[in-house]
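This report describes one protein chain, part by part. Please look at the structure below before reading on.

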Amino acid sequence: MRNLAAMNDPGRGKFVSAIFITFPGNCRKALTYYQTCFGGTLHFETFEKELAGYTETPVVSGSLVSDSITIHGSDLVHDEGRTLGNYLAIFLHCKNTDDRQTLIKKLGLNKQHLFVKHGDDQKLVELTDAFDVRWVLGV
């Protein structure tokens with residue numbers, strides 16, 4: 001089975017695309033269900049403490065990596081809230097923060113960036129390009 005490290009193998013190219021879904025508080029349940037459909041390996045990173053408004057400890061970053069599909073997700077919604085059209089994004093796992101910054105500049109050409117959080121210390125950085133396509137860039 002592939003894993004996140006294998007996705008970033010230099011022999012595979014610089015970036016690997018995947019699906020990123022923002023879930024309404026049920027990321028762990030959804031990705032576990034998708035595992036029964038596609039097989040593969042699950043990985044979850046959660047908050048260390050409970051957050052108001054969540055019945056379970058929220059998933060900051062979750063992934064299902066199988067031979068046929070890679071799905072990443074999170075329970076954390078954007079500042080504008082989860083609405084139809086903003087809960088799907090293209091996820092790219094970048095080798096390092098320098099590669100991510102280069103890609104941010106390319107994707108954001110002639111567009112004002114929409115970042116949920118900005119900084120090299122963030123695991124996930126999000127932007128919307130000139131075509132209103134949402135990108136989540138991880139390191």
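## Arg 134 and strand β7

Arg 134 is found in strand β7, which covers residues 134–138. Strands here are DSSP runs of E with at least two residues, helices are runs of H or I with at least four residues, and both are numbered from the N terminus. Arg 134 has a relative accessibility of 13% and counts as buried. The word buried stands for a relative accessible area under 20%, exposed for one over 50%, and partly exposed for values in between, using a 1.4 Å probe and protein chains only. From C-alpha to C-alpha, Arg 134 is 6.4 Å from Ile 90 in space, although 44 residues separate the two in sequence.

The model is predicted: local features need a pLDDT of at least 70 and side-chain atom pairs a pLDDT of 80 or more, while totals for chains, interfaces and linings use all residues. Residues are numbered from 1 along each chain as its sequence is written, and side-chain values use heavy atoms, leaving out hydrogens and water.

## The chain as a whole

The protein chain contains three helices and seven strands. Read from the N terminus, the order of elements is α-β-α-β-β-β-β-α-β-β. The chain has 139 residues, and 38% of them count as buried. Its accessible surface is about 8100 Å², with 53% belonging to carbon and sulfur atoms; such areas come from the Shrake-Rupley method with a 1.4 Å probe, and for residues only the protein chains shown count as cover.

A contact means heavy atoms within 4.5 Å. Among contacts between residues at least 6 apart in sequence, 54% join residues at least 24 apart.

## The sheet

Two strands pair if DSSP finds at least two bridges between them.

Strand β1 (residues 17–22) pairs with strand β5 (residues 88–93) in the antiparallel sense, over five bridges. Ser 17 has Leu 92 of β5 as its bridge partner, and Ile 21 has Leu 88 of β5. Strands β5 and β7 run parallel and are joined by four bridges. Here Phe 91 has Val 136 of β7 as its bridge partner.

## Ser 61

Ser 61 belongs to strand β3 (residues 59–65). Is Ser 61 buried or exposed? Its relative accessibility is 11%, so Ser 61 counts as buried. Leaving aside residues up to four places away in sequence, Ser 61 touches His 43, Phe 44, Glu 45, Gly 73 and Lys 123.

## Cysteines

Cys 27 has 0% relative accessibility and therefore counts as buried. Cys 37, at a relative accessible area of 43%, is partly exposed.

A disulfide is a covalent bond between the sulfur atoms of two cysteines. The rule used is a pair of cysteine sulfur atoms within 2.5 Å. By this rule, there are zero disulfides.
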